[in-house]
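User: I have a structure to read and I am new to this. Please take me through its features, one at a time.

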Amino acid sequence: MRQIIGGNWKMNGSTESGVLFINEMKALGSFDAPADIVFFPPFTLIPLLAELASDAGIETGGQNLFWFEKGAFTGEISPDMLKDAGSTWFIAGHSERRHVLGETDEIVRKKLEAGLKCGLKGILCVGELITEREADQTEMVVRRQIESALDGLGNVSPENFVIAYEPVWAIGTGLTATPEEAERVHSLIREWVSTIIGQEFADNLRIQYGGSVKPSNAVTILSKPSVNGALVGGASLNADSFMDIINSVP
Ligand code: PEP
């Protein structure tokens, strides 16, 4: 299965740093990378960077979207608008949207459904808080997030849908799940998805790990059989470290 590495820029980046990043990615060989690459700049940079990125073999996505097509929703962006701007991907349920901006499982489900229905490819993020981990609730929380998001999703194919397991306590903290822990949760996710959607889909589903992935830990994480890529925050802001992670794919 071809791995997929995502770079989530969050609320970082400018026209200058974005153009430089894409040019550097190109110079570092993004075209011949051993994995699919998608990066998620802020909305404002998508129209300019999506075109440059496609010339570098990189797809571009939106970090968020809203589930209505249009209307009186000040500050929101629709799936069609993301597509129109040049995106081919979107993220639903990133932990910062869930835990800083208050998005519920129901909101995440609506976003996922709307984005996929519009023809975008989606990454669904799931993961437990540190308090949930300490209370031994990792499995319960991640399973609930997945069951809720996939409820009634209808036609979805493994080419246009990815799950990112991102333990919230590992995001932006420098802490990471051990490769063994990531592998254990990924295997469970695959099992749960197989009961909801089907075995063939689950066998072909790419499950990324996210949470302080960097060049120094990427090889061990990406070598685990049930880890099919990474979603990278901080280390994706720099083309050298992002390409090092991509080149760590076995
Ligand atoms: C993320 O934003 O999804 C993420 C995993 O961030 P970081 O790599 O900085 O922990």
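Analyst: Start with burial. Buried means under 20% relative accessible area, exposed means over 50%, and partly exposed lies in between (1.4 Å probe, protein chains only). Strands (E, at least two residues) and helices (H or I, at least four) are DSSP runs, numbered from the N terminus. This is a predicted model: local features need pLDDT of at least 70, side-chain atom pairs count only at pLDDT 80 or more, and totals for chains, interfaces and linings use all residues. Residues are numbered from 1 along each chain as its sequence is written, and side-chain values use heavy atoms, with hydrogens and water left out.

User: How many residues of strand β6 are buried?

Analyst: Five of its five residues, 161–165, are buried. Look at each face in turn. On one side sit F161, I163 and Y165. On the other sit V162 and A164. Both faces are covered.

User: Which strands pair with β6, and in what sense?

Analyst: The general idea is that two strands pair if DSSP finds at least two bridges between them. Strand β5 (residues 121–126) pairs with β6 in the parallel sense, over five bridges. There, V126 has Y165 as its bridge partner. Strand β7 (residues 206–210) also runs parallel to β6, joined by four bridges.

User: Now salt bridges. How many does the structure hold?

Analyst: A salt bridge is a side-chain nitrogen of Lys or Arg within 4 Å of a carboxyl oxygen of Asp or Glu. The structure holds 15 of them. One joins R2 to D36, with the closest N and O atoms 2.6 Å apart. R2 lies in the segment before β1 (4–8) and D36 in strand β2 (residues 36–40), so the pair ties together parts that are 34 residues apart in sequence.

User: Are R2 and D36 buried or partly exposed?

Analyst: R2 counts as partly exposed, at 43% relative accessibility. D36 counts as partly exposed too, at 25%.

User: Where do K10 and E96 lie?

Analyst: Their side chains meet in a salt bridge, 2.8 Å from N to O. K10 is in the loop between β1 and α1 (15–27), and E96 is in helix α4 (residues 95–99), so this pair ties together parts that are 86 residues apart in sequence. E96 is partly exposed at 26% relative accessibility.

User: Which salt bridge has both residues buried?

Analyst: Take K111 and E103. Their closest N and O atoms are 2.5 Å apart. Both residues are buried. Salt bridges can also link up: R133, E139, E181 and R184 form such a network.

User: What is the difference between a cavity and a pocket?

Analyst: Both are found on a 1 Å grid over the protein atoms alone. In a cavity, a 1.4 Å probe fits but cannot get out; a pocket is an open set of points with protein on both sides within 12 Å along at least five of seven lines. Lining residues have an atom within 4 Å of a point. Points are joined across faces, edges and corners, and a volume is the space filled by probe spheres set on them.

User: What does the search find here?

Analyst: It finds one cavity of 30 Å³ or more. The largest cavity has a volume of about 50 Å³. Helix α4 gives the largest share of its lining, three residues. The largest pocket holds about 440 Å³ of space. It is lined by 17 residues, and K10, M11, Q63, N64 and R97 lie nearest its centre.
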